[in-house]
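Dear colleague,

I am passing on the structure we spoke about, and below it you will find my notes on a few of its features. Please read them alongside the coordinates.

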Amino acid sequence: MSDEEGWGRRRAILRDAAEMDGVRLDTYADRWPVPGTRAERRARNRTLAWFGLAVLGALCFVAVYLFWPWRYVPPLGHDATGYHLYTPLLGATFGLALLGLSFGIGTYAHKFLPKEHAIQERHDEPSSQADQDATAAILHDARDSAGLTRRSWMARALGAGAGAVGLGAGIGAVGSFVKDPWDQPSSPQSLWHTAWASPTGEAVYLRRVTGKPDEVQLVRPEELAPGAVMVCVPFRESERDDPDKLHDALRRADSPVNLVRLVPGTPVTPRSGQESFNWQDFYAYSRICTHLGCPVGMDLAEEDRLMCPCHSSQFDLHAGARPIFGPAVRPLPQLPITVDETGNFRARGDFTEPIGPSFWELG
Ligand code: FES
């Protein structure tokens, strides 16, 4: 039996079965009974154009993901524009790929699947053998009517579009395992370091955040009452006349610490290896919550606790800022501090663990 005869026979079975099953086929016709017409070619080109757009979008997504500058640059810093375009470009290119794929499939369905209008009565009985044969005929007919076997260009275009979008999605899913941010511990931009690091050995002081970007107020112990907390960022004397650097210190997400003065005599169980990170009753903890990175502040209801306003994690100041309530599972990293001969607080080094959300540790 030729393909044409087989197809015609399936159509006949389809109509008979439809009638047996109480289905009335009002319309069931090929959209292009005469293949190769100019109109069909136009429809084909339009479908191919959408799939081409999907491939282009997916390839641009991969190129942006791999080659666009992605390292963090503070807002308004030099060369910040490129970094700040990174995420929007990823979204735009992948969105373009999905748009092309979905419009390609939609255009194909609209322009090439048979016109069908059928009405069927519902019934509750199990299907008979004849019904099952009819279902098989319908499925085979749908496959052939869709033209995927006759129109190989459609199968290739759909494969290219879906494959390119899948490639983009796959790269997005596994790319972070390939581009390991922990791989460059010597880079000052690496997640291993914060703005408290001092590669040149210059003293890094605690600068009070006053709300005035150009103002420099260093912090002396007598300025903090017992039980008080002060937000501080790093400062170097070499930055005093450099507004850009003064502003950057305020903008950097890894910089702010809460300088806490406990009531004298408060018992504290420090974390192992951090027994000397405090100076007398003064402790400096990262202000960035270890749950999802919100700014942590003093808990006004409970003394000796820092609290995150986002999801209510609480950190115990009696126990090295270990979490005792809420979703955070990691203590706030502690900055080692001292008071030098000038009488001002300064850092004795960088944090010894990553600041911010715990998932960085999984990198
Ligand atoms: S971000 Fe702090 S508790 Fe969620």
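Which residues does Gly326 touch, once those up to four places away in sequence are left out? Bear in mind that the model is a predicted one. The contacts of Gly326 on that basis are Cys308, His311, Ser312, Ser313 and Gln314. Phe315 is 11 residues away from Gly326 along the chain, and their C-alpha atoms are 9.2 Å apart.

One of the residues that Gly326 touches, Gln314, stands in β9 opposite Met307. Strands β8 (residues 305-307) and β9 (residues 314-316) run antiparallel and are joined by three bridges. They belong to an open sheet of four strands, ordered β7-β8-β9-β10 with antiparallel pairing, in which β7 (297-298) and β10 are the edge strands, each pairing on one side only.

Turning to the helices, the axes of α2 (residues 38-67) and α3 (residues 80-112) come within 7 Å and cross at roughly 160°; since angles over 145 degrees count as roughly antiparallel, that is how the two helices are described relative to each other. Their crossing is left-handed, and the residues of the contact between α2 and α3 comprise 19 nonpolar, six polar and two charged.

Terms used: Residues numbered from 1 in each chain as written. Predicted model: local features only at pLDDT ≥ 70, side-chain atom pairs only at ≥ 80, totals over all residues. Contact = placed C-beta atoms within 7 Å. Axes fitted to C-alpha atoms, helices over the stretch in contact; angles between N-to-C directions. Parallel < 35°, antiparallel > 145°, perpendicular 65-115°, else oblique. Left-handed = near helix turned anticlockwise from the far one by under 90°. Nonpolar A, V, L, I, M, F, W, Y, C, P; charged D, E, K, R; others polar. Pairing = 2+ DSSP bridges.
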